[in-house]
Structures are given as structure tokens and as C-alpha cells.
Amino acid sequence: MTVRVDMAAVGQLIAEVAAEEIMPRYARLAAGEIREKGPGDLVTVADEAAEHRLTPALAALLPGSVVVGEEAAAADPTVIKRLEGDRPVWVIDPIDGTANFAEAKGDFGVMVSLVQKNQTLAAWIYDPRHQAMATAEKGGGAWLDGQRLKVASPPADPAELSGALLAGFYGDPELGKRVNQRRDRVRPVKSLRCAAAEYVRIASGKMHFLLFSKLMPWDHAAGVLLHGEAGGYNGYVDGGHYLPTRLKAPALMLTPNEESWNGLYRRLIEA
């Protein structure tokens with residue numbers, strides 16, 4: 001890492017903000033405290049309050065750093081361009097899985113990552129309901145509450161690969177059609193509707209693959225690092241590996257290793 005931060009201090013901050021701004025509103029949101037930013041894209045007062053607290057506090061932990069928060073970027077799309085500079089950038093998803101949070105059922109989490117020069121240096125994924133913290137530091141492994149994480153070993157038969165197909169294929173309907181027609185070539189598992197939970201699930205060895213087509217950095221920078229530090233492999237289906245600044249790609253696929261990635265590509269993606 002070219003930049004070092006106190007991993008525990010960041011984790012403590014995230015947990016405190018979740019305890020004070022998110023959980024007191026869980027299952028207590030009034031109708032006027034939930035709204036749509038876009039079709040099917042919800043935001044609540046808890047998302048906004050948590051990001052409002054995290055933004056200055058994270059910036060203070062690392063002088064010279066800047067912040068890209070999901071809600072700030074929704075209000076001002078130019079905010080995301082901060083990722084293109086040389087300064088360290090905190091990337092915040094104050095509540096990932098907002099629909100689950102708003103319905104008071106299912107998984108949700110807080111995702112924070114530290115990015116510099118298009119490289120993710122550190123990651124935190126926090127589950128406020130169970131007070132579980134997953135962390136990763138580039139070159140330092142992936143951890144869940146002090147236990148080292150390791151991706152699942154791939155099966156010998158690619159048909160036995162299990163995972164979540166979290167992909168609407170917004171920019172490539174033909175690819176979406178192809179994947180949907182081939183779902184029975186693998187073992188798809190039910191989506192948790194929460195990238196934070198999906199990334200912890202795959203990094204913990206509970207499934208083999210994830211396939212995403214919506215690629216905003218607050219949804220993926222932390223999770224891709226967690227998965228990679230747990231031993232996993234990632235690649236865009238049109239070539240190259242994950243970059244926080246690459247927002248438009250047909251899909252991103254994560255697997256235990258390159259061999260299983262290639263096998264899954266042939267089964268699901270290849271024309």
C-alpha cells in the first residue's frame with residue numbers, strides 16, 4: 001500500500017455510525033423517509049444520515065483524502081470523477097441493500113473502500129444487524145471478525161459451480177438473454193439483493209461465483225478486494241480485471257481462480 005490507514009479505527013467508525021444512524025431507523029421508517037432516486041433505486045433518511053456522518057470523519061482520518069459517496073454522487077454526478085485523480089479516495093455505500101433495509105427484511109450492509117490511482121487499497125464491509133465486520137488490505141488477506149477468509153475450492157466439473165447471477169445486463173441484452181438461457185448449466189443460488197452480503201458469502205467459501213452487470217464503485221470496490229485477498233479471481237467478460245473507474249462493461253465475473261473463470265465463461269457467456 002502506498003497509503004496506510006488504521007484499519008481498526010475505520011472499522012470502529014463504521015460500526016459507531018451504523019449503531020447511531022442506521023439501526024435506530026431499522027423497521028421504523030415512515031413512508032416519507034423512503035424515496036426513489038430512479039426506477040427501483042431507493043434511498044432512505046438512514047442512507048443519507050450515515051453518509052453525512054462518514055464523509056467528514058473518514059476524510060479526517062487521512063489528511064489529503066477525498067470522498068465519493070453514493071448519495072453525494074447521486075446528487076452531483078461529477079463527484080465520481082474524484083476517482084480519476086491521484087489523491088486517496090474513500091468510496092462509501094452507506095447502506096447497500098437499501099430495498100431490504102426499507103422492507104426490514106433480508107441483508108444489508110455498509111461498504112467502505114480506500115482507492116488510489118485506480119487501485120483498491122483497503123476494504124470494510126459491515127453487517128449492522130449481526131455486528132459482523134469483514135476487512136481486507138491489499139497484500140494483507142481478507143478477514144471476518146478476526147477469522148481469515150478463503151474462497152471455495154472449485155469443483156472438477158464446471159457444472160457444479162454455484163453462485164449468484166446478479167446481472168440485468170443493462171447495456172447488453174443479447175448477453176443477458178444468453179445467460180438466462182444457460183442458467184441450468186451451473187448451480188445458481190438465490191440472490192440476497194445485497195452486494196455487501198454476496199461478497200462476504202463468496203469470500204467465505206459459501207459459493208463459487210458472482211456475475212454482476214451494474215458496476216458502480218461503491219457496490220464493488222470493497223467486495224472485489226475482499227474476494228481477491230481471500231484468494232479469488234475476477235475479470236470483465238470483455239477482458240481485463242476490475243478497476244474502480246470502469247463503470248461501463250458488459251459484466252464482471254468473480255470465481256475461485258482463472259481456470260474456473262474460463263470454464264464458467266464458456267458455459268454462460270461465450271457466444
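**Salt bridges and a buried strand**

User: Hi! Which residue forms a salt bridge with Glu160, and how far apart are the closest N and O atoms?

Analyst: Glu160 forms a salt bridge with Arg187, and the closest N and O atoms are 3.5 Å apart. A salt bridge here is a side-chain nitrogen of Lys or Arg within 4 Å of a carboxyl oxygen of Asp or Glu. This is a predicted model, where local features need pLDDT of at least 70, side-chain atom pairs count only at pLDDT 80 or more, and totals for chains, interfaces and linings use all residues. Residues are numbered from 1 along each chain as its sequence is written, and side-chain values use heavy atoms, leaving out hydrogens and water.

User: Where do Glu160 and Arg187 lie in the chain?

Analyst: Glu160 is in the loop between strand S9 (147–148) and strand S10 (162–166), while Arg187 is in strand S11 (residues 187–188), so the pair links distant parts of the chain, 27 residues apart. Strands (E, at least two residues) and helices (H or I, at least four) are DSSP runs, numbered from the N terminus.

User: Is Glu160 buried, exposed or partly exposed?

Analyst: Glu160 is partly exposed, at 37% relative accessibility. Arg187 is partly exposed too, with a relative accessible area of 45%. Buried means under 20% relative accessible area, exposed means over 50%, and partly exposed is in between (1.4 Å probe, protein chains only).

User: How many salt bridges does the structure hold?

Analyst: The structure holds twelve salt bridges. One of them joins Arg53 and Glu20, with the closest N and O atoms 2.9 Å apart. Arg53 lies in helix H2 (residues 45–61) and Glu20 in helix H1 (residues 7–22), so this pair ties together parts that are 33 residues apart in sequence.

User: Which residues are linked with those two in a network?

Analyst: Glu21 and Arg25 join Glu20 and Arg53 in a network of salt bridges. Glu21 and Arg25 meet at 3.2 Å, N to O. Glu21 is buried, with a relative accessible area of 15%, whereas Arg25 is partly exposed at 26%.

User: New topic: how many residues of strand S4 are buried?

Analyst: Eight of the eight residues of strand S4 (residues 89–96) are buried, so the strand is largely enclosed by the rest of the structure.

User: What about its partners: which strands are joined to S4 by bridges?

Analyst: Two strands pair if DSSP finds at least two bridges between them. Strand S3 (residues 66–69) runs parallel to S4, with four bridges joining them, and Val68 stands opposite Val91 in S4. Strand S5 (residues 109–116) runs antiparallel to S4, with six bridges. In S5, Val112 is the bridge partner of Ile92.
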